[in-house]
Amino acid sequence: MSNIVIISGSPAVVSRSSAISKLVKDVLVTNGNKVEEIAVRNLPAEDLLYANFNSPAIQQAKTLVEQADGVIIVSPVYKASYPGVLKAFLDLIPEKGLANKVVLPIATAGTIAHLLALEYAFKPLFSVLGTRDVTDGVYIVDSQVAYTEHELTFVDTEVEQRLGDAITQLQVRLQQKEAQASR
């Protein structure tokens, strides 16, 4: 059983990112993983903006990341990058804070035009945070899914397959790391 944290970077309460996070969590829990969630929009705004490392809420969120074997970041893409609220939280993660973790990025956007955000915005950030194991990211265009606060429906079965494959890839890598560690 792996310990996984999902970081939802959407500033909105009801969003594609939140619906995707819930679906991914349900799949991972069904497969026997322990999954925690961090919705950055729920962290105290003042603590994020002023980089209050001593904030109990920030410390609790950082501890979840620290204890995780795998990290999934689900985020909308605005203006070719992730939202500032997500960046503010990730700035509070220590340099190399994602070392020895498997990371799965999932991005949503209104158009295919921002597809390279996974490569040019997310991956450099993950590198600075120390991860060397980033799975193939999943980019989801808004028109490929429909959602409500609690439910996600795939309009495009191809993206559903890519998301399923990415979740499987994450779990396989986590199992491989666990097997190597037990040797």
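In which sense do E1 and E3 pair, and over how many bridges?

Guide: They pair in the parallel sense, over five bridges. Some ground rules before we dig in. This is a predicted model, where local features need pLDDT of at least 70 and side-chain atom pairs count only at pLDDT 80 or more, while totals for chains, interfaces and linings use all residues. Residues are numbered from 1 along each chain as its sequence is written, and side-chain values use heavy atoms, with hydrogens and water left out. The labels are DSSP runs numbered from the N terminus: helices are H or I with at least four residues, strands are E with at least two. Strands count as paired if DSSP finds at least two bridges between them.

Back to E3, then. Val74 has Ile106 as its bridge partner in E4.

How covered is E3? Seven of its seven residues are buried, and buried here means under 20% relative accessible area, with exposed over 50% and partly exposed in between (1.4 Å probe, protein chains only). Gly70, Ile72, Val74 and Pro76 point one way from the strand, Val71, Ile73 and Ser75 point the other way, and all are buried.

Helix H3 (residues 56-67) has buried residues whose cover includes E3 (70-76), along with strand E1 (3-8), strand E2 (34-39), helix H2 (45-49) and helix H4 (84-90). Cover is judged by contact, meaning heavy atoms within 4.5 Å. The buried residues of H3 are Ile58, Ala61, Lys62 and Val65. Those residues cover an arc of only 100 degrees around the axis, which puts them on the same side of H3; the arc is that of the directions from the helix axis to the C-beta atoms. An α-helix has 3.6 residues a turn, so residues three or four places apart point the same way. On the face of H3 turned away from its buried side you'll find the exposed residues Pro56 and Gln60. With twelve residues, H3 reaches 16 Å from its first C-alpha to its last, close to the 16 Å expected at 1.5 Å a residue. That expected span is 1.5 Å times one less than the number of residues.

The other helix is H6 (residues 157-181). E3 is among the elements covering its buried residues, which also include E1, H1, E4, E6 and strand E8 (152-154). Those buried residues are Val159, Leu163, Ala166, Ile167, Leu170, Gln171 and Leu174. The 25 residues of H6 should span 36 Å, and its end C-alpha atoms are 36 Å apart.

Asp156 caps the N-terminal end of H6, with a side-chain oxygen 2.8 Å from the backbone nitrogen of Glu158. Glu158 in turn meets Arg162 in a salt bridge (2.7 Å, N to O), the term meaning a side-chain nitrogen of Lys or Arg within 4 Å of a carboxyl oxygen of Asp or Glu. Why can those two reach each other? Arg162 and Glu158 are four residues apart in helix H6, which is about one helical turn. Arg162 is partly exposed at 28% relative accessibility, and Glu158 is partly exposed at 39%.

Leaving out residues up to four places away in sequence, Gln144 touches several residues, including Asp156, Glu158, Val159 and Arg162. Its side chain makes a polar contact with the side chain of Asp156 at 3.1 Å. A polar contact is a pair of N or O atoms within 3.5 Å; within protein, one must be able to donate a hydrogen and the other to accept it, and residues adjacent in sequence count only if both atoms are side-chain atoms.

One last stop, back at E3. Pro11 lies in the loop between E1 and H1, and Pro76 is among the residues it touches. Pro11 itself is partly exposed, at 45% relative accessibility. Its C-alpha atom is separated by 6.8 Å from that of Val85, 74 residues apart along the chain.
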